[in-house]
Amino acid sequence: MIRYGIFDVDGTLLDSMGVWHQASARLLEQYHIPMPLDLDEKLAALSLRGGSEYLSHHLLPQLTPEQVREEIDRLLREEYRLRIPLKEGVREQLERLHRQGTRMIIATAGINQCAREALTRLRILPFFEGMVNCADVGADKNSPLVFLEAARRLGASPQETVVFEDAPHAIRTAQAAGFPVVGIPDPWAAARRQDVAQLCGELFLPCWSQLEDLERRCFP
């Protein structure tokens, strides 16, 4: 049984990575700047603050990082509030984990308000005991601080707390800090699927509907 769980939001619980791509593309388009082919990969390893700084410094020098963040927030908010769906099978598995007594918390590098609005609309926010944002700890997911703070709030050690993540850099970070990590592939990052599978081994989860079987095998 999984006693404690830390869950990423974008690309893990929510099918939202395409919206982040579109927001970056629309912002660059407003300033007639072509979108670099590797931009999604660069931004995926950064927090919202880090991504805003990258865009400002490298592509949008006419905007401050704060202005970039405000624009991204504006472009994303309606999508989260009205349209972004759960990934298939998420609701059923969260309901099952909640019934069996698993204590769960969110750890995200995204926008807190956007995540709250989406998870509230989708009626899964009550399953979680709280939300820790990378901004709360002053570091992105290349640092373990957000995962360690989430575990601290659950009153659990890393070794007994399972992290659910889709991003290879965040998976490596959590594993290095002692957390077992269930790797979730995301269709918007198909090129990373093999990386996630190799990093997580038997904890690679091809689809959410298989979580109960994985839990039975790996967390008896």
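Predicted model: local features only at pLDDT ≥ 70, side-chain atom pairs only at ≥ 80, totals over all residues.
How are H4 and H6 oriented to each other? H4 and helix H6 (residues 112–121) pack at an angle of about 15°, with 7 Å between their axes. Angles under 35 degrees count as roughly parallel, so H4 and H6 are roughly parallel to each other. Their crossing is right-handed. On the H4 side, the meeting residues are Asp73, Leu76, Arg77, Glu79, Tyr80, Arg81 and Leu82, and they face Gln113, Cys114, Ala115, Glu117, Ala118 and Arg121 of H6. Sorted by class, this contact holds six nonpolar, one polar and six charged residues.

Stay with H4 and turn to another of its partners. Helix H3 (residues 48–58) packs against helix H4 (residues 65–82) at an angle of about 115°, and the axes are 8 Å apart. Since angles of 65 to 115 degrees count as roughly perpendicular, that makes H3 roughly perpendicular to H4. The crossing of H3 and H4 is right-handed. H3 brings Leu48, Arg49, Ser52, Glu53, Leu55, Ser56 and His57 to the contact, while H4 supplies Pro65, Val68, Arg69 and Ile72. Five of the residues in this contact are nonpolar, three are polar and three are charged.

Now let us move to the interior. In soluble globular proteins, nonpolar side chains tend to be buried together. Here the largest nonpolar core has 73 residues, and Ile6 and Phe7 are those with the most contacts inside it. Beyond its sequence neighbours up to four places away, Phe7 touches Leu13, Leu94, Leu97, Met104, Ile105, Ile106, Ala107, Phe128, Phe164 and Trp208.

One of those partners, Met104, deserves a visit of its own. Met104 sits in strand E2 (residues 103–108). With a relative accessible area of 0%, Met104 is buried. Leaving out neighbours within four places in sequence, the contacts of Met104 include Phe7, Leu94, Leu97, His98, Phe127, Phe128 and Leu154. Take Phe128: it is 24 residues from Met104 in sequence, yet their C-alpha atoms are 4.9 Å apart.

Our last stop is helix H9 (residues 168–176), whose buried residues are Pro168, His169, Ala170, Ile171, Thr173 and Ala174. What lies over them? The cover of these buried residues includes helix H2 (39–44), helix H8 (145–154), strand E4 (161–165), strand E5 (181–183) and helix H10 (193–200). Just after H9, look for Gly178, which takes a positive phi of about 100°.

Definitions and conventions: Residues numbered from 1 in each chain as written. Heavy atoms only, no water. Core = buried A, V, L, I, M, F, W, Y, C linked by side-chain atoms within 4.5 Å. Buried < 20%, exposed > 50% of the residue type's maximum accessible area, 1.4 Å probe, protein only. Contact = heavy atoms within 4.5 Å. Axes fitted to C-alpha atoms, helices over the stretch in contact; angles between N-to-C directions. Helix = DSSP H or I, 4+ residues; strand = E, 2+ residues; numbered from the N terminus. Parallel < 35°, antiparallel > 145°, perpendicular 65-115°, else oblique. Left-handed = near helix turned anticlockwise from the far one by under 90°. Nonpolar A, V, L, I, M, F, W, Y, C, P; charged D, E, K, R; others polar.
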